[in-house]
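User: I would like to go through the charged side-chain pairs of this model, one question at a time, with the reasoning spelled out.

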Amino acid sequence: MRIQKVTYLILISFLLVISSCKEDKKVVDSTDEQLKPNIIIIYADDLGYGEMGAYGATELKTPNLDKLANGGMRFTNGFASSATCTPSRYALMTGVYPWRNKNAKILPGTAPLIIDTAQPTIPKMLKKQGYYTGIVGKWHLGLGSGNVNWNERIAPGPNEVGFDYSHILAATQDRVPTVYIENGKVVNLDPNDPIEVSYEKNFDGEPTGLDNPELLKMKWHHGHNNSIVNGIPRIGFMKGGEAAKWVDEDMADYFLADAQAYVKKHKSEPFFLYYALQQPHVPRTPNARFVGSSGMGPRGDVIVEADWMIGEFVKTLEAEGLLENTLIIFSSDNGPVVNDGYYDDSEEKLGNHTPAGILRGGKYSLFEAGTRVPFFTYWKGKINPGVSDAMVSQIDLFTSLASLVGSDESTTDSQELLDAFLGKNDVGRSELVVEATSRTAFRKGDWAMIPPYNGPAINKYVNIELGNDKEYQLYNLKEDIEQQKNLAQSNPDKLQEMITSYEKIRGVGDEKIAPLELK
Ligand code: NG6
Ligand code: CA
């Protein structure tokens, strides 16, 4: 009897220990969840600093973006790494300045992958921390290793640099091949109608924008006069793949549906999603539901469309109960351009809308509007709503996200600014090199310095001031955010200080650029 009682007591205490372990486990699990929130980067293509209500736009309505921006931490001094797409995306993914990689330039659709498969990337780093990783949308970092056969599995690509799942468009909406690629395979490819792509010459008998204007529903303004797909002339030549070609007007819905399916499928594990929108890059092709929605022509309409897509996407996160455990980061790959090569009424119907806000320049420019872009973080219940003037760059996300998820990975160029991104302080970086079409400029504190460059002051086709001048330019952005007063002559000490700091990072002359450093 006595022995039985003792056994009984031992059994009870054993059970208690087990259940308290379970309790402990539970606590650990929930802490883990906090350490490893889902992470979503939503990345617009060519969206300017002045393009959202939250950033002062009055003519264009972006209620869904504004709700997130105003409910999270909105950065006034947030930067893309470059004033064009490929270099910015390269830096975002790798945390390495794009000017360290000579291939990080606007790529044709046939370019090989420019990220070394041995190179650390955000998705690789997150994978090591137990994340499922995916990309939906625009890639534009090259595919394959030269001479891609589009009719076989295309590799290396996103799946070889850290993404478990990829569903992409290869380059840009205006470049061939105009097909979706899922995990390296062209979607809906008919093997009897193989795809051929060339950026050198047309395929016999195929119509082009140059020779067949009668087939066009959108006319080209400059460039964009090669193969015609869906009545729109593109950059590059393509043959075959008829069944696989995308319908531009359905693209936003197509990627939204995939992004929604992705989060639903992976909601029970920590996931990372890079949702790379194609708007408002050319050709601007709003779905019929959005035609006329902005009163500003297709350019405004696709911004309204993108805003709606983001609203729907956030509704899905909410319905799945994911908002409290998901960090959303929103930004754009470069500044705005109005006419980027098609007659699409964007200039005629712009009205009082100012895509760059008060900033000077735009896409392709070393002036502020080239790289200073909308940038905000949102995490329901974790990030207190606010506005931050901290200088942050997309290049800093690599190390900052590593820090968030408990990884000690970092790169030389990517700074750990997690507290700034989470709104816990407003300490950003003190210096930043920005890039625009293979030229670079420098930001330090309130000052911007642009070294002398030959080349036109204005790109007449797109009507944007590029920042080229034979003399050094120096601006005090605190007093002159519009960059109207060049202080290089009147403040030689400041200029020298800027040049010295800049050259320390950038090197002197092209041959001295610090090479890519892998850790
Ligand atoms: C330019 C294209 C422009 C756009 C850009 C890339 C011409 C004349 N212009 O070369 O339309 O496609 O490349 O944009 O072809 S980005 O946002 O992907 O960098
Ligand atoms: Ca872009």
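User: Is Glu51 buried or exposed?

Analyst: In this predicted model, Glu51 has a relative accessibility of 0%. Because the cut-off for burial is under 20% relative accessible area, Glu51 counts as buried.

User: Which residue does Glu51 meet in a salt bridge, and where does that partner lie?

Analyst: The side chain of Glu51 takes part in a salt bridge with that of Arg299, at 2.7 Å from N to O. The pair links distant parts of the chain, 248 residues apart, with Glu51 in the loop between E1 and H2. Arg299 is itself buried, its relative accessible area being 3%. The partner is thus Arg299, and it lies in helix H6 (residues 298-319).

User: Is Lys127, which meets Asp164 in a salt bridge, buried or partly exposed?

Analyst: The side chains of Lys127 and Asp164 come to 2.5 Å, N to O, and they join helix H4 (residues 122-128) to the loop between E4 and strand E5 (165-169). Asp164 has a relative accessible area of 26% and is partly exposed. Lys127, at 37% relative accessibility, also counts as partly exposed.

User: Which residues are linked with Lys138 in a network of salt bridges?

Analyst: Lys138 forms a salt bridge with Asp45, with the closest N and O atoms 2.5 Å apart. Lys138 belongs to strand E4 (residues 132-138), whereas Asp45 sits in the loop between strand E1 (38-44) and helix H2 (63-71), and both residues are buried. The network links Lys138 with Asp45, Arg89 and Asp333.

Key:
Residues numbered from 1 in each chain as written. Chains lettered and ligands numbered in written order. Predicted model: local features only at pLDDT ≥ 70, side-chain atom pairs only at ≥ 80, totals over all residues. Heavy atoms only, no water. Salt bridge = Lys/Arg side-chain N within 4 Å of Asp/Glu carboxyl O. Helix = DSSP H or I, 4+ residues; strand = E, 2+ residues; numbered from the N terminus. Buried < 20%, exposed > 50% of the residue type's maximum accessible area, 1.4 Å probe, protein only.
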